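Colleague: I'm new to this one, could you walk me through it?

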Amino acid sequence: MSRGLGDVYKRQILPGEQQEYLQKIQKKTEYLTQLINEFSYYSKLDYTAFELGMTRIDLCGFVREFMAENYDYITNGGFEVSVDIPDNIYWCMIDTTHFRRCLENLLSNFMKYNPEESLIHAAVYDAGESYSVVLENNGTPIAPEIAMRLFEPFVMGDKSRSSGKGSGLGLAVVRKIVELHGGSIQYLTKQKYANSFRISLPK
């Protein structure tokens, strides 16, 4: 009697292995769910009829509040925090929900792909014709060949691919949201900070 290929590789999962298999299935399911959600979100932003809900807010206060809300999350993850945000009021038109998503994506990337004890720094300053929001860290710099295409969809570094953590859409989402605000984003490597993301927003 012939056997199918499935029968050849079929074997009973032992009781001690069940938990391990369930954990692997759960992690894979969570990753696929994240990937689907991220792709759906990016597709929505790319829809021509999509519009932001702009509100006039104090940009300094917004970024300061964001960093305060995430302070425990950052420090509990083993990272250090510093901020350089003036007491001035910088009035700016932004969609608070989507712009918060920008900052969350950058912060999440910092914590996924940089060693613990790295410093995460946030700053806001008046750049003359625009306001700048800067998030940077002194962790592991992004490889030059990746940095050139960093904001394109599905571009990931080797560490992202091997870890199974990244969707390759996080920074593409950030750029799309910033551009919908009429702004721009730039990646730099500076002497003090290995990875520096500068978002420029119109006044």
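Modeller: Below we talk about the sheet, then a helix pair, then the core.

Modeller: This is a predicted model, where local features need pLDDT of at least 70 and side-chain atom pairs count only at pLDDT 80 or more, while totals for chains, interfaces and linings use all residues. Residues are numbered from 1 along each chain as its sequence is written, and side-chain values use heavy atoms, leaving out hydrogens and water.

Colleague: What's the strand order in the open sheet?

Modeller: The five strands run β2-β4-β5-β7-β6 with mixed pairing; strands are DSSP runs (E, at least two residues; helices are H or I, at least four), numbered from the N terminus, and two strands pair if DSSP finds at least two bridges between them. The edge strands, each pairing on one side only, are β2 (80-84) and β6 (184-188).

Colleague: And in which sense do β2 and β4 pair?

Modeller: β2 pairs with β4 (residues 119-126) in the parallel sense, over five bridges, and Asp84 has Ala123 in β4 as its bridge partner.

Colleague: Switching to helices, at what angle do α3 and α5 pack?

Modeller: Helix α3 (residues 59-69) packs against α5 at about 50 degrees, with the axes 11 Å apart; axes are lines fitted to C-alpha atoms over the stretch in contact, and angles run from 0 to 180 degrees between N-to-C directions.

Colleague: Which residues meet there?

Modeller: Among them are Phe62 and Phe66 in α3, and Phe99 and Leu103 in α5, where contact means heavy atoms within 4.5 Å.

Colleague: Where does the largest share of the largest nonpolar core come from?

Modeller: That core has 43 residues, and its largest share, seven residues, comes from α5. Such a core joins buried (under 20% relative accessible area, 1.4 Å probe, protein chains only) Ala, Val, Leu, Ile, Met, Phe, Trp, Tyr and Cys residues through side-chain atoms within 4.5 Å.

Note on methods: Buried < 20%, exposed > 50% of the residue type's maximum accessible area, 1.4 Å probe, protein only.
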